[in-house]
Amino acid sequence: MLLKTLLLIVCWSFLLFVSGCVVYDKEGNVDQQATREMNESLRAGMQAAAQATAAGVQAYQQSRMGPPPPCARCGGTGFVFCTYCQGAGGFACAACGGRGFSYGFACASCGGRGGFPCAACGGAGRLPCLH
Ligand SMILES: [Zn+2]
Ligand SMILES: [Zn+2]
Ligand SMILES: [Zn+2]
């Protein structure tokens, strides 16, 4: 029977991590195995309690702060307007005014396309936000 063997259990709670618990048998001798088992279960209990406390503190902090705010630059979309082309994706050809032809001929400068794709964003008009 467990209760008969473990007559006395002494715990110094304030020194638990240093000295731990000592379990005595009915002769008053230290029961080495019971002491070891007791300390292991206590340590596991303390660790679980510490982990639960840490998780609780984290959850409390998160609930107070709310979800992380979206990126100030892109608003959480992950993309920002290309500053080189102002989001247009390209530039109108200055020679033909973007029309692609002049005096009835295809513009030699832009090849008739009327403009040039933005080299910075590849014509997408936006760039990935590097946050
Ligand atoms: Zn961003
Ligand atoms: Zn661009
Ligand atoms: Zn042109």
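Modeller: Let us begin with exposure: a residue is buried if 20 or more other C-beta atoms lie within 10 Å of its own, exposed if 12 or fewer, and partly exposed in between, with the C-beta atoms placed from the backbone. Tyr103, for example, is exposed, because 6 other C-beta atoms lie within 10 Å. This is a predicted model, in which local features need pLDDT of at least 70 and side-chain atom pairs count only at pLDDT 80 or more, while totals for chains, interfaces and linings use all residues. Residues are numbered from 1 along each chain as its sequence is written, and chains are lettered from A and ligands numbered from 1 in the order in which they are written.

Colleague: How many helices and strands does the chain have?

Modeller: Helices (H or I, at least four residues) and strands (E, at least two) are DSSP runs, numbered from the N terminus. The chain has two helices and eight strands, and along the sequence they follow the pattern α-β-β-α-β-β-β-β-β-β. Of its 131 residues, 10% count as buried.

Colleague: What does helix 2 reach from its first C-alpha to its last?

Modeller: The expected span of a helix is 1.5 Å times one less than its number of residues. Helix 2, residues 32–65, has 34 residues and reaches 49 Å, close to the 50 Å expected. The count of buried residues in helix 2 is zero, so this helix is hardly covered. After helix 2 comes Gly66, whose phi is positive, near 75°.

Colleague: Which residue other than glycine has a positive phi near 55°?

Modeller: That residue is Tyr103, which lies in the loop between strand 5 (101–102) and strand 6 (105–106). Gln86, which is not a glycine either, has a positive phi of about 60°, and its place is in the loop between strand 3 (79–81) and strand 4 (90–92). Gln86 counts as exposed because it has 11 C-beta neighbours inside 10 Å.

Colleague: Which residues does Gly100 touch, not counting those up to four places away in sequence?

Modeller: Two residues are in contact if their C-beta atoms, placed from the backbone, lie within 7 Å. Gly100, in the loop between strand 4 and strand 5, touches Ala106, Cys107, Cys110, Gly112, Arg113 and Gly114. From C-alpha to C-alpha, Gly100 and Cys110 are 6.8 Å apart in space, although 10 residues apart in sequence. Gly100 counts as partly exposed, because it has 17 C-beta neighbours inside 10 Å.

Colleague: Where is Gly122, in terms of the strands?

Modeller: Gly122 is in the loop between strand 7 (115–117) and strand 8 (126–128), and it counts as exposed because it has 12 C-beta neighbours inside 10 Å. Gly90 is 32 residues from Gly122 in sequence, and the two are 8.1 Å apart in space, C-alpha to C-alpha.
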